[in-house]
Amino acid sequence: MPKHIASGLKYLAAVKLKEVGKTHQEIANELSVDRSTISHYLNGSNLSWNSIEVARTITELSPRDFLTMVFAIIKEPEESRKIVNICRVRNYEAIIEDSCIGCGLCVNVCMMKAIKLESLHAHADSIQCCGCQLCSDECPTNSIKILEI
Ligand code: SF4
Ligand code: SF4
């Protein structure tokens with residue numbers, strides 16, 4: 001079953017990428033799937049609607065549950081990050097305040113690799129942020145604010 005749900009998630013990602021004008025080849029490259037599979041997905045073949053509905057339900061979970069589920073189903077971290085980024089239904093701004101002491105705990109915990117440490121201060125890339133709040137829960141100085149935008 002997880003394999004079918006993984007296909008359902010990739011189908012949803014393919015549809016989103018098509019909506020922003022990507023070609024079948026570009027979608028295939030982005031999702032690390034061969035081009036004919038993408039064409040089958042987008043023609044509605046090779047997939048049960050059940051898999052798609054389960055995948056859609058996963059995208060509507062809380063950001064943390066969505067992230068955790070995608071990583072558990074897709075298994076490969078880089079691929080999982082792509083699916084989360086393409087399929088997430090909300091956008092977030094991650095703000096790191098001056099009270100950051102540069103401990104790096106947020107960097108370690110961020111599964112989206114959205115935070116880097118530079119000159120003993122954390123910097124977040126909001127484009128990569130899925131709003132899971134794992135970082136703000138971990139921060140000892142309460143320096144991270146995650147805002148839905
Ligand atoms: S909320 Fe924090 S841990 Fe989650 S993706 Fe955004 S920056 Fe990373
Ligand atoms: S966990 Fe908090 S204090 Fe530590 S680097 Fe991240 S933002 Fe700074």
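This report covers the domains, core, helix packing and hairpin of a predicted model.

## Basis of the model

Local features need pLDDT of at least 70, side-chain atom pairs count only at pLDDT 80 or more, and totals for chains, interfaces and linings use all residues. Residues are numbered from 1 along each chain as its sequence is written, while chains are lettered from A and ligands numbered from 1 in the order in which they are written.

## Two domains

The chain splits into domain 1 (2-87) and domain 2 (92-148). These bounds come from an automatic or database domain assignment. The C-alpha centres of the two domains are 26 Å apart. Seven residues from domain 1 and nine residues from domain 2 make the contact; residues are in contact if their C-beta atoms, placed from the backbone, lie within 7 Å.

On the side of domain 1 that touches domain 2, helix H5 (63-74) and helix H6 (77-87) are the elements that give two or more residues. H5 provides the largest share of that side, four residues. Helices (H or I, at least four residues) and strands (E, at least two) are DSSP runs, numbered from the N terminus.

## The nonpolar core

The largest nonpolar core has 41 residues. Such a core is a set of buried Ala, Val, Leu, Ile, Met, Phe, Trp, Tyr and Cys residues joined through C-beta atoms within 7 Å. Leu9, Ala13, Ala14, Val70, Ile83 and Val84 have the most contacts inside this core. Helix H1 (residues 2-19) gives the most to it, with seven residues. Domain 1 (2-87) and domain 2 (92-148) both contribute residues, so the core lies between them.

Leaving aside its neighbours within four places in sequence, Val84 is in contact with Phe66, Leu67, Val70, Met112 and Cys130.

## Phe66

Phe66 sits in helix H5. Is Phe66 buried or exposed? Phe66 counts as buried, with 23 C-beta neighbours inside 10 Å. The cut-offs are 20 or more other C-beta atoms within 10 Å for buried, 12 or fewer for exposed, and partly exposed in between, with C-beta atoms placed from the backbone.

Not counting residues up to four places away in sequence, Phe66 touches Ile58, Thr59, Leu61, Val84 and Arg88. Phe66 and Cys132 are 66 residues apart along the chain, yet their C-alpha atoms are separated by 8.6 Å.

## Helices H2 and H3

Helix H2 (residues 24-31) packs on helix H3 (residues 35-42) at an angle of about 110°. Their axes are 8 Å apart. Axes are lines fitted to C-alpha atoms, for helices over the stretch in contact, and angles run from 0 to 180 degrees between N-to-C directions.

H2 and H3 are therefore roughly perpendicular to each other. Angles of 65 to 115 degrees count as roughly perpendicular, under 35 as roughly parallel, over 145 as roughly antiparallel and the rest as oblique. At this packing, His24, Gln25, Ile27 and Ala28 in H2 meet Arg35, Ile38 and Ser39 in H3.

Strand E2 (residues 115-118) and strand E3 (residues 121-124) pair in the antiparallel sense over four bridges. Pairing requires that DSSP finds at least two bridges between the strands. Glu118 stands opposite His121 in E3. Two residues separate E2 and E3 in the hairpin. In the turn, Ser119 has a positive phi of about 50°. Leu120 lies in the loop between E2 and E3, with a positive phi near 55°. Leu120 is exposed, with 10 other C-beta atoms within 10 Å.

Gln133 is found in the loop between E3 and helix H8 (134-138). Its phi, near 65°, is a positive value in a residue other than glycine. With 17 C-beta neighbours inside 10 Å, Gln133 counts as partly exposed.

Note on methods
Two residues are in contact if their C-beta atoms, placed from the backbone, lie within 7 Å.
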